[in-house]
Amino acid sequence: MKKIEIITTQNVPIQYESADLKDRVIATILDLVFLSVITGVFSLIFLGMLFKDLSDDSTLFIFYYVVITFLSLFYGLVQEVLYGGQTWGKKIMGIKIIKLNGEVPNLSDYIMRWIFRPIDIWGSLGSIGSLLISSGDKAQRIGDILANTTVIKLSGFRRISLADIENLPNAENTEIKYPLVSKFTDEDMLAIKQLLERIRLHKTKTNIDLYYKTLDEIALKLEIGESPYDGQKFLKDIVNDYVAMTR
C-alpha cells in the first residue's frame with residue numbers, strides 16, 4: 001500500500017495511506033448507482049406531473065432535461081464541495097480528497113479535478129486515470145496533478161478535531177508550565193494530538209523520527225533548551241497549557 005507524506009502549513013509532516021485503485025473504482029460505481037436512483041426517482045416524479053397535465057407542455061420537458069443534465073454533470077462536484085472532499089461513494093469506501101500541501105482543497109481544486117474527469121475516466125473508459133493512479137508515487141490522475149490533490153484512505157486513521165482539544169478536562173485551575181505556548185495555534189495543537197495518537201498506535205521508524213524532531217522544534221520555540229525526558233508527557237502538558245491559556 002502506498003504511503004503519502006504531507007507537509008502541513010505548520011511544517012509538520014503527516015503520513016497517510018493512499019487510496020488504492022480498487023477503492024476509487026468501487027466508490028465511482030457506488031456514486032453511479034446513487035445517481036441512477038436519484039435520476040430514476042426524479043423521472044417518476046416527472047411522469048406523475050406529466051399525467052396530471054395531459055397538455056403538451058414543452059416547459060415541463062425543458063425543466064426535466066435541465067435537472068437531469070445538472071444531476072448527471074455536477075453530482076460528484078457538488079458532493080465533494082459540500083462534504084469536504086467526499087461523495088457518498090467515497091464516504092462508504094472511507095476515502096477522501098486532500099491537497100498535497102496539507103491545506104483543505106478549495107472550490108477551484110474540486111473544479112479542476114471535475115474538468116478532467118471526461119479525460120481521466122469517461123472518455124478513456126478509465127484507462128488513463130487507472131494507469132496514472134497505479135504508476136504514480138502519489139496516486140494522482142491528471143485532475144489531481146493539476147489541482148495538487150490526491151485521495152487518501154481514512155480507515156485506520158483517527159482524525160483529530162478541534163473538539164478533541166476542547167473536550168480535555170477542565171483546565172481553569174491548571175498551573176501553566178510553559179507560558180510561551182501562546183505562540184502556538186489550534187492547528188499546531190491538532191498536529192501534536194495527531195502525533196501522540198500515531199505514536200500510540202504505530203511506533204514505526206518514520207513516526208518515531210517525527211516524534212523526536214517535533215520535540216526538539218517545540219523545545220526551541222518555547223526557549224527551554226532540551227525537551228524533558230518524558231516526551232509524551234511534555235506534549236500533553238503543552239496541549240493542556242494551551243487549552244488553559246486560550247479557552
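Both Asp 144 and Arg 113 are buried, where buried means under 20% relative accessible area, exposed over 50% and partly exposed in between (1.4 Å probe, protein chains only). The model is predicted: local features need pLDDT of at least 70, side-chain atom pairs count only at pLDDT 80 or more, and totals for chains, interfaces and linings use all residues. Residues are numbered from 1 along each chain as its sequence is written, and side-chain values use heavy atoms, with hydrogens and water left out.

**Exercise 1.** Find the salt bridge between Asp 144 and Arg 113 and locate both partners.

*Solution.* Start with the term: a salt bridge is a side-chain nitrogen of Lys or Arg within 4 Å of a carboxyl oxygen of Asp or Glu. The N to O distance for Asp 144 and Arg 113 is 2.6 Å. Helices here are DSSP runs (H or I, at least four residues), while strands are E runs of at least two, numbered from the N terminus.

**Exercise 2.** Which salt bridge does Arg 113 form with a Glu?

*Solution.* The partner is Glu 80, and the closest N and O atoms are 3.6 Å apart. This pair also links distant parts of the chain: Arg 113 is in helix H4 (residues 107-115) and Glu 80 in helix H2 (residues 58-82), 33 residues apart. Now check the burial: Arg 113 has a relative accessible area of 3%, and Glu 80 counts as buried at 4%.

**Exercise 3.** Examine the pair Asp 120 and Arg 141.

*Solution.* Their side chains meet in a salt bridge at 2.7 Å, N to O. Asp 120 lies in helix H5 (residues 117-122) and Arg 141 in the loop between helix H6 (127-135) and H7, so the pair ties together parts 21 residues apart in sequence. Asp 120 is buried at 0% relative accessibility, and Arg 141 is buried at 3%.

**Exercise 4.** Is Ile 45 buried or partly exposed?

*Solution.* Ile 45 is in helix H1 (residues 21-52). At 49% relative accessibility, Ile 45 counts as partly exposed.
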